[in-house]
Structures are given as structure tokens and as C-alpha cells.
Amino acid sequence: KKTDVWDALSVLDQDPNNPDNVILVYSQRSQSIASAGDTSGWNREHVWPKSYGVGYTGPDTSDLHSLRAADWNTNSARNNLYFDWCTSADCTTP
């Protein structure tokens, strides 16, 4: 079996209290590794939005330096917002 980004994230974001799960970047929820890619599970999140310079094909779509395990719904709601702690209602730019 060829190792890919999904396999790497399963190790890099592994839940220290449950090795069968990953910790999701935004929700900090523990989710089963087996649910990778499922809409009720988790997906790969670029911590820098694709629309700000990450391509849709090529090596930057699987760059482990910018990918994290993320809740599918939370990731979708994040849209193109920057990755940062936000304390106001208008956190759309750094």
C-alpha cells in the first residue's frame, strides 16, 4: 500500500488519548481515523485558503506543511477566512 497525505495526517494529528482517532484542527474534537473523507467525518484542511494562493492540482494540494485534519462542516463554514484566533465578529483579514 502506498502511503499518502491521509495516512500521514492520521499519525500527525492523532489523538494522544485514543490512537484510533485524530484531533480536528478547528473543533478540537476527536474523530475516528476510519471516517477520513466522509462528509460525516473529517477531511484535509489547508490552513492557508486555496483562493489565496494554494493550487487545485499539483504538489501544493498535498503539502503536509499546510494541511491538518478538520471537521468537514466546520471546514466548509470557514470558507476563505484566515487561520487565527478571532475575538470580534468581523475576522475576515489578518
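Which residue in β2 does Gln14 stand opposite? Gln14 stands opposite Val22, and I shall begin with the strands around this pair.

First, a word on the model. This is a predicted model, in which local features need pLDDT of at least 70 and side-chain atom pairs count only at pLDDT 80 or more, while totals for chains, interfaces and linings use all residues. Residues are numbered from 1 along each chain as its sequence is written, and side-chain values use heavy atoms, with hydrogens and water left out.

Strands of a sheet pair through backbone hydrogen bonds, either parallel or antiparallel. Here, three strands make an open sheet in the order β1-β2-β3, with antiparallel pairing. β1 (14-15) and β3 are at the edges with a single partner strand each, so one side of each has no neighbour in the sheet. Between β1 and β2 (residues 18-23) there are two bridges, in the antiparallel sense. By definition, strands are DSSP runs of E of at least two residues, helices are runs of H or I of at least four, and both are numbered from the N terminus. Two strands count as paired if DSSP finds at least two bridges between them.

Let us turn to Gln31, in strand β3 (residues 30-32). Gln31 counts as buried, at 11% relative accessibility. Buried means under 20% relative accessible area, exposed over 50%, and partly exposed in between, with a 1.4 Å probe and protein chains only. Setting aside residues up to four places away in sequence, Gln31 touches several residues, including Val22 and Trp42; contact means heavy atoms within 4.5 Å.

Trp42 leads us to a second pair of strands. The bridge partner of Trp42 in β5 is Asp71. β4 (residues 42-46) and β5 (residues 67-71) pair in the antiparallel sense over five bridges. Four of the five residues of β4 are buried, so this strand is largely enclosed by the rest of the structure.

Next, the core. The largest nonpolar core has seven residues: Val5, Leu9, Val22, Leu24, Trp42, Leu67 and Ala69. Two or more of its residues come from each of α1 (5-12) and β5. Such a core is a set of buried Ala, Val, Leu, Ile, Met, Phe, Trp, Tyr and Cys residues joined through side-chain atoms within 4.5 Å. Apart from neighbours within four places in sequence, Leu9 has contacts that include Gln14, Val22 and Trp42.
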